[in-house]
Amino acid sequence: MNMLLITGASGAIGSAAARALAASGSSLYLHYYSSKEEAEELQRELRKSFPNQVFFLVCADLSDEKGPECLMAQLDQPIDGVVYASGNSEINLFQDVADEVIQQTIQLQLTSPFRLLQQLIKPMIHKKKGQILMVSSIWGLEGAATEVLYSMVKGGQNAFVKALAKEAAPSGISVNAVAPGAVDTPMMNVFSEEDIKRVEDEIPMGRMAKPQEVASLINFLMSPSAEYINGQIISINGAWYC
């Protein structure tokens with residue numbers, strides 16, 4: 001049975017990805033940090049819907065330098081694939097971003113996935129098979145004013161994907177990223193209704209993406225049908241940027 005790890009599984013995109021991947025037959029480690037109730041509810045839902053699969057909860061603060069080690073200690077079997085969906089957004093003027101926020105954001109979105117995947121990729125190399133997928137952002141491709149830190153780490157994730165794919169492909173491992181545009185998730189709650197309407201007016205399709213639409217792309221990229229897709233940053237943004 002295919003065993004996958006989803007980090008940030010209690011979030012909107014992470015939980016949607018968990019549902020899609022479970023429906024495709026995978027068992028899952030569901031990572032969370034602060035959203036315990038949401039993670040437990042997701043686990044109950046998946047266990048009820050897919051009784052022949054297993055769903056484990058793992059808790060770790062991946063914005064802390066000890067987070068990867070803490071998460072690894074909770075995994076008791078090899079992982080066949082990883083969806084790294086942990087992330088946060090910092091909206092502020094470049095010169096006003098606090099040192100603590102810089103450190104935590106870089107840890108969460110660059111250092112932790114690097115260190116975590118250093119360990120998780122080893123059994124994949126041994127088996128000559130595996131999938132790694134990062135949930136990046138359109139801002140990692142285009143950049144965004146007042147989200148310079150977020151744009152920087154997402155751009156770093158994109159470069160990481162391209163480099164690791166070249167190194168891991170001979171071992172039968174695919175490494176890709178999805179780079180969503182505006183998605184209808186709680187992360188958008190920091191914006192006013194007027195701001196959200198302005199964004200939707202800029203998007204040719206006239207609306208934000210749904211988490212389930214991003215999850216469908218993730219599910220495809222983690223499937224055997226996408227085996228030859230490797231080292232790609234695929235943006236799902238309603239023709240907002242293309």
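Which helix holds both K197 and D201, and how many residues apart are they? Select helix 7: K197 and D201 both lie there, four residues apart, about one turn of the helix. (Helices, H or I of at least four residues, and strands, E of at least two, are DSSP runs numbered from the N terminus.)

Before going on, note that this is a predicted model, where local features need pLDDT of at least 70 and side-chain atom pairs pLDDT 80 or more, while totals for chains, interfaces and linings use all residues. Residues are numbered from 1 along each chain as its sequence is written, and side-chain values use heavy atoms, without hydrogens or water.

K197 and D201 form a salt bridge (Lys or Arg side-chain nitrogen within 4 Å of an Asp or Glu carboxyl oxygen), with the closest N and O atoms 2.9 Å apart. Next, pick R198 and D195, whose salt bridge spans 2.8 Å, N to O.

Now move to R19 and E45, another salt bridge, at 2.7 Å between the closest N and O atoms. This pair links helix 1 to helix 2, 26 residues apart.

Finally, head inside and select L28, V83 and I218. They have the most contacts within the largest nonpolar core, which has 30 residues. (Such a core joins buried Ala, Val, Leu, Ile, Met, Phe, Trp, Tyr and Cys residues through side-chain atoms within 4.5 Å; buried means under 20% relative accessible area, with a 1.4 Å probe and protein chains only.) Helix 1 gives the largest share, seven residues.

Technical notes:
Buried < 20%, exposed > 50% of the residue type's maximum accessible area, 1.4 Å probe, protein only.
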